[in-house]
Amino acid sequence: MTQACCAPVMAARPAVRHEAHITLTPELIDAFLEDLRQKGRTKDTLKTYSRNLAMLYSDLPPDKRIGRDTLENWRSGLLAEGYAANAA
């Protein structure tokens with residue numbers, strides 16, 4: 001792909017950088033778990049991911065936005081609460 005074909009897209013980008021974020025939804029969680037199922041992950045793995053994602057979702061602010069530092073801060077909070085490093 002040449003840069004010339006991307007020039008209109010690049011020009012349309014705002015000059016000001018905004019913090020990238022994603023809004024976590026139950027549908028995104030379900031799609032992620034389904035992807036893991038299709039990849040042959042075990043039921044125990046799916047159960048662990050499902051439980052951890054449900055905990056993350058409930059700990060997020062009402063807008064459910066995940067920004068650059070959200071996951072690192074969440075993990076640090078879990079560690080501070082006594083969760084094992086491999087569980088956080």
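Contact here means heavy atoms within 4.5 Å. By that criterion, the buried residues of helix α2 pack against α3 (43-59). The model described here is predicted.

The protein contains four helices and two strands. Along the sequence they follow the pattern α-β-α-α-β-α. The mean pLDDT of the protein is 83. Of its residues, 76% reach 70 or more. Confidence is lowest in helix α1 (residues 3-12), with a mean of 44. It is highest in helix α2 (residues 26-38), at 97. Over residues 1-16 the pLDDT is below 50. Beyond near neighbours in sequence, this stretch has one contact in the model.

Some totals describe the whole chain. Buried residues make up 15% of the 88 residues in the protein. Among contacts with a separation of 6 or more, 49% join residues 24 or more positions apart.

Helix α2 was examined next. Its 13 residues should span 18 Å at 1.5 Å a residue, and its end C-alpha atoms are 18 Å apart, which agrees. In α2, the residues I29, L33 and L36 are buried. Seen down the axis of α2, the buried residues fall within an arc of 55°, so they line one face of the helix. The face turned away from the buried side carries the exposed residues E27, D30 and Q38. L36 gives a detailed view of the packing. Leaving aside neighbours within four places in sequence, L36 is in contact with R41, L46 and Y49. After α2 comes G40, with a positive phi near 85°.

Helix α3 can be read in the same way. It has 17 residues and reaches 24 Å from its first C-alpha to its last. That is close to the 24 Å expected at 1.5 Å a residue. L46, L53 and L56 are buried in α3. They cover an arc of only 95° around the axis, which puts them on the same side of α3. The exposed residues K43, D44, K47 and S58 sit on the face of α3 turned away from its buried side. The buried residues of α3 pack against α2, β2 and α4.

What makes up the largest nonpolar core? It has eleven residues in all: L24, I29, L33, L36, L46, L53, L56, L60, I66, W74 and L78. The elements that give two or more residues to this core are α2, α3 and α4 (70-80). In soluble globular proteins, nonpolar side chains tend to be buried together.

The loop between α3 and β2 (65-66) holds K64. Is K64 buried or exposed? Buried means under 20% relative accessible area. At 14% relative accessibility, K64 therefore counts as buried. Phi of K64 is near 60°, a positive value in a residue other than glycine. Most residues other than glycine have a negative phi. D63 lies in the loop between α3 and β2 as well. At 42% relative accessibility, D63 counts as partly exposed. D63 and L24 are 39 residues apart in sequence, yet 8.7 Å apart in space, C-alpha to C-alpha.

Key. Residues are numbered from 1 along each chain as its sequence is written. This is a predicted model: local features need pLDDT of at least 70, side-chain atom pairs count only at pLDDT 80 or more; totals for chains, interfaces and linings use all residues. Side-chain values use heavy atoms; hydrogens and water are left out. pLDDT is the predictor's confidence in each residue, from 0 to 100. The expected span of a helix is 1.5 Å times one less than its number of residues. Buried means under 20% relative accessible area, exposed over 50%, partly exposed in between (1.4 Å probe, protein chains only). The arc is that of the directions from the helix axis to the C-beta atoms. A nonpolar core is a set of buried Ala, Val, Leu, Ile, Met, Phe, Trp, Tyr and Cys residues joined through side-chain atoms within 4.5 Å.
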